[in-house]
Amino acid sequence: MRINVSQQLKASMGSMREYEVSEIVNLASGQSMVQGEVGLMRTDRGILARGTLHTEVEVTCSRCLSLFSCPLTLNVEEEYFPIADVASGASLLVPEEPGCFTIDEHHVIDLTEVIRQYALLTIPMKPLCRGDCTGLCPDCGHNLNQGPCHCSPQGAEPRWSELSKLTLASDAVVNEQKGTE
Ligand SMILES: [Zn+2]
Ligand SMILES: [Zn+2]
């Protein structure tokens with residue numbers, strides 16, 4: 001999403017403009033609709049973009065491995081620095097900060113890269129398709145959200161099988177002791 005801010009760069013510090021955002025942006029997993037509002041404010045150094053945007057990305061559930069659409073809320077706040085003076089066209093120095101956003105020589109800011117970066121930061125590390133996702137059966141790989149599989153309950157629950165091994169082992173010891181008496 002590109003906005004020409006040449007008029008606002010000529011305005012006094014603190015002047016505000018509101019923009020509706022409704023854009024298809026290429027995010028982590030493909031094309032996503034991004035919607036919301038962004039306010040642009042003239043600062044002493046450039047333009048501050050601030051707003052709340054909503055979108056959805058396709059992610060893989062970390063438990064059941066199914067693809068699902070994960071809603072994201074992006075609270076954007078970034079300052080853009082002009083690389084050219086709006087009146088004279090002379091080159092301006094921009095802060096030497098990594099990832100610093102600039103206003104190009106045509107006085108246009110591009111929100112797309114900011115949206116993409118905020119989306120990447122907002123995607124959960126371990127996404128869950130739903131809070132109570134039951135995941136996959138460790139034995140047959142069946143998605144347990146779609147109902148139980150045909151594995152035995154002992155097989156499906158590793159803790160139970162560990163317990164039954166312990167019981168068998170202690171039984172064996174008891175039998176050996178009996179044998180030596
Ligand atoms: Zn899941
Ligand atoms: Zn199973």
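Visitor: How does Cys140 count in terms of relative accessibility?

Guide: Cys140 counts as partly exposed, because its relative accessibility is 44%; buried means under 20% relative accessible area, exposed over 50%, and partly exposed in between (1.4 Å probe, protein chains only). This is a predicted model, in which local features need pLDDT of at least 70 and side-chain atom pairs pLDDT 80 or more, while totals for chains, interfaces and linings use all residues. Residues are numbered from 1 along each chain as its sequence is written, chains are lettered from A and ligands numbered from 1 in the order written, and side-chain values use heavy atoms, without hydrogens and water.

Visitor: Which residues are the protein donors of the zinc ion (ligand 1)?

Guide: Donors are N, O and S atoms within 2.8 Å of the metal (3.2 Å for Na, K and Ca); water is not among the atoms, so sites may look incomplete. Here the SG atoms of Cys61, Cys64, Cys129 and Cys133 lie 2.2 to 2.4 Å from the zinc ion. Their spacing along the chain is C-x2-C-x64-C-x3-C. Cys61 and Cys133, 72 residues apart, link distant parts of the chain, and both are buried. Cys129 is partly exposed, at 27%.

Visitor: How many disulfides does the structure hold?

Guide: A disulfide is a pair of cysteine sulfur atoms within 2.5 Å; the structure holds zero.

Methods. Helix = DSSP H or I, 4+ residues; strand = E, 2+ residues; numbered from the N terminus.
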